[in-house]
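Thank you all for coming; I would like to take a few minutes to walk through a structure that may be new to you. Please have a look at it first.

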Amino acid sequence: MAKLTFKTELCKGCGLCVEVCPKKILQIAKDKINKKGHSPVEMTDQSQCIGCAFCATMCPDCIITVEK
Amino acid sequence: MIVFDKPKSLTDAPLHYCPGCTHGIIHRLVAEAIDELGIEGRTIGVAPVGCAVMAYDYFACDMVEAAHGRAPAVATGIKRANPENIVFTYQGDGDLASIGTAETVHSATRNENITVIFVNNAIYGMTGGQMAPTSLPGQITQTSPYGRDTNLCGFPVKICEMLSQLEGPEFLARVAVNNVKNIKNAKATIKKAFENQVNGKGFSLVEVISSCPTNWGMTPKDALKWIDDNMIPYYPLGVYKDRSGEAK
Amino acid sequence: MAEKVLMKGNEAIAEAAIKAGCRHYFGYPITPQTEIAAYMAKRMPKIGGTFLQAESEIAAINMVYGVSSAGKRVMTSSSSPGVALKSEGLSYLAGADLPAFVVNVQRGGPGLGGIQPSQSDYFQATKAGGHGDFRMIVLAPASVQEMADLTIKGFELADNYRMTAMILADGTMGQMMEPVEIRDSADIKTFDKPWAVTGTGMKREHNIVNSLYLKPEQLEKENFARFERYKKIEENEVMYEEFMMDDAEICIVAFGIAARVSQNAVVEARKQGIKAGMIRPITLWPFPKKRLLAAAEKVKTFISVELSMGQMVEDIELATKCTRPVMLCNRVGGMIPSPEEVLAKIKEAQGGIN
């Protein structure tokens, strides 16, 4: 089982991680904004995560840490 | 067990780049190469004038800010001063392919033992989206508002192809960072470009096809698709020169 | 004990630079200073140094910036149009507080001009080295010995104050041959450079060599701090030589070849009973303002003798607070004033006094 940690305050809501997730378990939060005014990414279902790290590979701001 | 984390040779400073800008990915790939080769303590980076002008805040190694286009000359000085240092430049398309063309060509032909990271996003980002020497025919920019007219401004510059005609350089490759597969290949290529320097092989340049969602007027996701549809057909990915590889 | 050898001015600079510990030279051929590059091309490889003929004067000054940022002594040389190309680089060096040693062996201008000597880059060196608020230490040799001595002094000053020291020579100084004795390396001062980019070794925070400060408050602070250093230089590093000034009523102010010529004229003037003297600035920046102001008490007329359209006149006027007339005796385009021409000007000045 894989675990993801997000540095939400650094997320710019670019959505690239959402695009590349093969399990489609990431989305841009609709009801949250961080201190910088961006809507950050959030996980819909941690249990589905396979730890492929595609999201972290795509993230330009290194906000995702992947643990397996 | 952590399988993916921010590399140590990036500082904690939050990046100022636009949401979805590929600079962040490329910075990380450079930092990963430095981490994996264990060279942070002896690496010196040369920052350009362009969106990455503040790269000196993002890399944890010693950093030098260069004048526009002159990074390869500055890098030549740093490398000649202390050859055991690993010296890299990080430059955009204006820096490397417009004002810095002479420095680019001559550091390549001298086979300076440096690593050059060339971020090609076909536009001048920092100054607000003007035409670059790498802008595509017909591309609309602030200084080509009716689309790049090849009758007026000529055709885009293809750096890897151009430099591959020279005997001097060791390694020239073009990669992209618009999808996970391309990013993994880009990482390996950038690492090789640093490894070449560590092994004293000579001038290694990696041209990274990148996006500029803000000035292309697209979402980050659409910008990555634009790379596939328009940039890569014009700037084919691949290794354009690999002297040591060809010698085998 | 160093031996006296007969050397060309240009070559004396190169050899003195090497004695001063400079092991990196970047340059581009341009008359009348190419001998410096040629000398370095021969000497540097033999002592494990770098000689590189850069792709342009612009590339050369940026290579200098690179070596300097890495903490090593480095130089470049050029002549007037080539130095103009270096303007941006000189400004960057200043903004990043980097030491550098730059030589301008001046030729006729403006534009492509000519290849014969001039002193018409005085403004460029002392007022307009590049964009922004900054100064360079400007040294004006008047002999082959001074070409060597001021080179060594230049490297010491550049390192001590973290700025560019520029030798502003005229073509004659570069080309003439005179006996010269170059100081031993052991006597030459060196300086620690903890700010240099040498690799963190994972033992310290990273060093950043930079001139970009986007926050206005910070950029202002940097500028004020830099000018505090310049104030110290003005207080401590002025150099000049005076000749027959004790009772002089007519004072020639001249540097380089103009001073050599003027000295003959002063001697002749004295023979004819005219109370002439000369103050020869050796540092053009910092300019010997205090000495000139003091001279203005007794001196009735100053004469600037220059190989330019009078670029030094206003500095003499400002230094003397416009209390005395400042005449100009000048030749340009590669012409050099003769002692007779300078003497004629002295007599003209005398006529004005009588």
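This is a predicted model: local features need pLDDT of at least 70, side-chain atom pairs count only at pLDDT 80 or more; totals for chains, interfaces and linings use all residues.

**Chain A, then a sheet in chain C**

Among contacts in chain A between residues at least 6 apart in sequence, 63% join residues at least 24 apart, where a contact means that two C-beta atoms, placed from the backbone, lie within 7 Å.

Residues are numbered from 1 along each chain as its sequence is written, and chains are lettered from A and ligands numbered from 1 in the order in which they are written.

Chain A holds two helices and four strands, in the order β-α-β-β-α-β from the N terminus on; here helices (H or I, at least four residues) and strands (E, at least two) are DSSP runs, numbered from the N terminus. The C-alpha trace of chain A spans about 30 × 20 × 15 Å along its principal axes.

Turning to chain C, seven strands form an open sheet in the order 3-2-4-5-7-6-13, with mixed pairing, where strands pair if DSSP finds at least two bridges between them. Strand 3 (50–53) and strand 13 (283–285) of chain C are at the edges with a single partner strand each, so one side of each has no neighbour in the sheet.

Within that sheet, strand 4 (residues 75–78) and strand 5 (residues 100–106) of chain C pair in the parallel sense over four bridges, and C:Ser78 has C:Asn104 in strand 5 as its bridge partner.
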